[in-house]
Each structure stands twice: as C-alpha cells, then as structure tokens.
Amino acid sequence: MSSTPPFASTVVDSILYRDAFGTQAMRDVFADVSLIQRYIDVEVALARAQGRMGVIPAEAASAIAREARIDRIDFEHMREETDVVGYPILPLVHQLVDMCGEAGRYVHWGATTQDIMDTAVALQVRDALDLVEADVRALRGILADLAARYRDTPMAGRTHLQQALPITFGYKAAIWLAMFDRHQERLAQLRPRVAVVEFAGAAGTLASLGDQGFAVQEALAAELGLGVPDTTWHVARDGFAEAVNLLALITGSLGKIALDIMIMASTEFAEVYEPFVKGRGASSTMPQKRNPISSELMLAASKAVRQHAGLMVDAMVQDFERATGPWHAEWIAIPESFILTAGALHQARFALGGLIVDEARMKHNLGISQGLIVAEAVMMGMAPHIGRQQAHDVVYDACRHVNEQGGTLADALCALPAVTAHFDRAAVERMTDPANYLGLAPAMVDRALERSRRRDQ
C-alpha cells in the first residue's frame, strides 16, 4: 500500500494539479526554502557590504558569510516563532545570531524586517522574470512560425461570432505574435523599476547608519546585483504591482488565444486542434471527446492572475511610512501570479507548438455562407459601374434571395440584369471567391514578422 501523499491545499502545490497550473522551475523560485535562502543572502550581503566599509568589523562580516547557512536552520522552530512574531525575519535573525557566534551581534545591522523581505522578493521577482522572458521569447518563435506558414491560408474572419470577411490564419497568428512582442518590450522596461534593493531602516530614513546610509545601500545593491532606488519604497509598491499587472497582461493575451483555439476546435468549427496525446482531454463517459485541456488551463490562469493584479493595485494603498495590512496581500499575490503565469506559458508552448491546423476545414467553413461573406467585395466591385448605393441595394437583394431561396451569391447575382449588364459569369465568380478578398492580411503578416525580428536585433 502506497504512503499518503504530501498534503497540499492549492493548485500551485497540489500533487494532482501543480504541473497543470505551474512549472517546477517557477515553483523552485518561490519555494519556502528558496525564500529563506534569499533572506540569508540579503543578510550576508549586508554584512559583506558593511564589512568592506568599516561599518562592522571585517572579520565579523567574514564570519557571518561563512556561518550563515540554510542547512543549519531549524525550520520548525522558525515556523513556530513566525506564528508568534507575525514575520519571519526576527526568527531567522535569532538563529543566524546563534550560529555566527561572536560575530552574531553584527547580523542585521541597521536593517529592518521589511528591508530584508522586500529585497529578497525583489531577487525572486528578478529570477522569475528571467523565466517568464525565456518562455515569452520561445512562444514568439512558435507564433512567428505559425504566421509565416499560414500567411496565405484563407479562413473566415468573425466578428460578434458571425462570419464577417475572409482573413488568413497567418494573419490571426500575427496578431497573437504582436501581443507578445509588446510583452517582451514591457518585460525589459519593467526590470529596472522592480529589480531594486530595499534598505532604508525603521522609517525609511537610514538614520541608524548616519552619513554612511547611502553608501551602504549602494554597496548592498552591488553585492546582490540590484539597482538603487531613488527613495525608500516601503510603502511605494508600484514596482511589484506593475510586475503582477504585467503578468495579468501576459496571461490575458494567453486567455484570448485560448478562447480562439477552444471555439475553433469545437465540433462545428473543427479548424484547429491541440496536439494529440493519447488520453489527453478524454472524457470518462464519451470516448469521442478531445477536450482542449491546455487552452482551458490558460484561460483559467488568466482569470486568476487578473484577480491578483487587482489585489496588488489595492495593496498599493498603504498608510504612512510603514503599512498595516496591505503589504501582507503581496505575499499571496506575487508567488501565485508568477507560478500561474509560468504554467499558462508552458501550456501555450505545448498547444501552439504542435497545433494541428485543418486548412481544408477552414476552406469549407469559408464557403458555408455560399459567398455571402464577400458581399462587401461584390458591392465595391460593382460600385464603379452603377454607383455605390445602387450596388449596395442590388447585392442586398441578392443576399436576401440566397438566405430565403438557397443557392449561391454568384447564382443570385447572375440572375440580375443590373449585374449581367456589366459582368460575365467568370467575373462574378472571381468577385465572390473569398480567397480574392483577403485585403492586406498577408502583407500585415509580413510586416509583423519583420518588426518582430527587428525587436530581437
């Protein structure tokens, strides 16, 4: 009999769902052990910076760097003390002080709890953004391939879920690509605003270090590879809020793509399918089912991250120089948002990387309106000969005939003297062929691909 699986209460850690809603790499970034290691990294970096500057003895800094190790942490005792204190840093410092001996008196010198926690999260976010950026870059490559491959593949464009005008599938993919090109830019623009150190002391004034405060802050930032903020950001949370809201934009775009795929994969459309994997998307009662699982997970993630984005904006409203409760909301929103985003990007790379595109079915669906989808093309083609308004009225009558009596738009038009006076059957067939009314869709694909390539140069 197998042992009881480890207990988990959320999908991001669930033994059943964690790989559906996240990735191991992103979970590793935000795991408890990683966060505590980051706390220790910040405390050690602070000691090193202060040791070099003579704020604390150099030998004490060396001892702290040597002795402060995560393998010596009593996690259960740290958890118990955190429950009492409300924050994990004082419990951590107590253990670091003990393990560092005489040098322990210099641990956490001039710092406050939020300095350590904020800087640790900034390091996590920096690493997490690297993972997101790599996935976005890979997804852009997949979308660029789809756009190029299906540049000229006609399909029905739809507005309000009704067939509107012909487009190409490559055009649709190019629109998806352009969204992620912009997300790539946003990621680059965000990084210097969020990957910054927090070291400012109790009320953010660095008073405990006198005139050495700025120098220590800069040295600490250099130790950790972070930027130096213009001012203390204990209660100025726009950086982290921007990061999670960017994740909401990324997953929102994934949700849009997912919705397109799910509708196009429906039985009545049958234009695209997620990659076939035996058993994936199977129903327990309907053997014929092939549910779009990756798209469903992408859509779910987009909704969850959107909620966290709102929570982060709400958490920006903080009181005075140190907040009472909004800060704690970030502890929920930031890790879950990054994990869900990583999961959604993983699902997108799978679904789109092996997307099955049925060009024949797209052509079939393009023809189900019997030519009505290009009524605008016929009207504009006839307008120079009989005037726009009369052309509109003639085509309108022909469309009504098709809707009421059946047949094709070409047949209905060829039965009207106003049409045959200017166009023979071949000309009418050309005007009613959807493939001849793609507008600049293929050219837009070319432009999108070129601009995407230039962004990477």
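Predicted model: local features only at pLDDT ≥ 70, side-chain atom pairs only at ≥ 80, totals over all residues.

Biologist: Which residues of the lining lie nearest the centre of the largest pocket?

Modeller: The lining has 32 residues, and those nearest the centre are Phe 30, Ala 31, Asp 32, Leu 35 and Trp 331.

Biologist: Which element gives the largest share of that lining?

Modeller: Helix α12 does, with eight residues. At least two residues each come from α2 (24-30), α3 (32-53), α5 (75-85), α7 (113-149) and α12 (326-353). On the level of domains, domain 1 (21-106) and domain 2 (113-365) each supply at least three residues of the lining.

Biologist: How do the lining residues of the largest pocket divide by type?

Modeller: There are 20 nonpolar, nine charged and three polar residues in the lining of the largest pocket.

Biologist: Now the second largest pocket: how much space does it have, and which residues are closest to its centre?

Modeller: Its space is about 390 Å³. It is lined by 18 residues, with Arg 158, Thr 159, Lys 172, Lys 256 and Asp 260 closest to the centre. Two or more lining residues come from each of β1 (154-159), α8 (169-194) and α10 (238-264). By type, the lining of the second largest pocket has 11 nonpolar, three polar and four charged residues.

Biologist: Let us turn to single residues. Is Leu 297 buried or exposed?

Modeller: Buried means under 20% relative accessible area. Leu 297 counts as buried because its relative accessibility is 14%. Leu 297 sits in helix α11 (residues 293-314).

Biologist: Which residues is Leu 297 in contact with, beyond its neighbours within four places in sequence?

Modeller: Those contacts are Ala 20, Phe 21 and Gln 347. As for Glu 376, which is 79 residues from Leu 297 along the chain, the C-alpha atoms of the two are separated by 38 Å.

Biologist: Where is Ser 369 found, and is Ser 369 buried or exposed?

Modeller: Ser 369 belongs to the loop between α13 (359-366) and α14 (375-386). With a relative accessible area of 18%, Ser 369 is buried.

Biologist: What does the side chain of Ser 369 reach?

Modeller: That side chain reaches the backbone nitrogen of Ile 373, at 3.1 Å.

Key: Residues numbered from 1 in each chain as written. Heavy atoms only, no water. 1 Å grid on protein atoms, 1.4 Å probe; cavity = no way out; pocket = protein on both sides within 12 Å on 5 of 7 lines; lining within 4 Å. Helix = DSSP H or I, 4+ residues; strand = E, 2+ residues; numbered from the N terminus. Nonpolar A, V, L, I, M, F, W, Y, C, P; charged D, E, K, R; others polar. Domains from an automatic or database assignment. Points joined across faces, edges and corners; volume = space filled by probe spheres on them. Buried < 20%, exposed > 50% of the residue type's maximum accessible area, 1.4 Å probe, protein only. Contact = heavy atoms within 4.5 Å. Polar contact = N/O pair within 3.5 Å; in protein donor to acceptor, adjacent residues only side chain to side chain.
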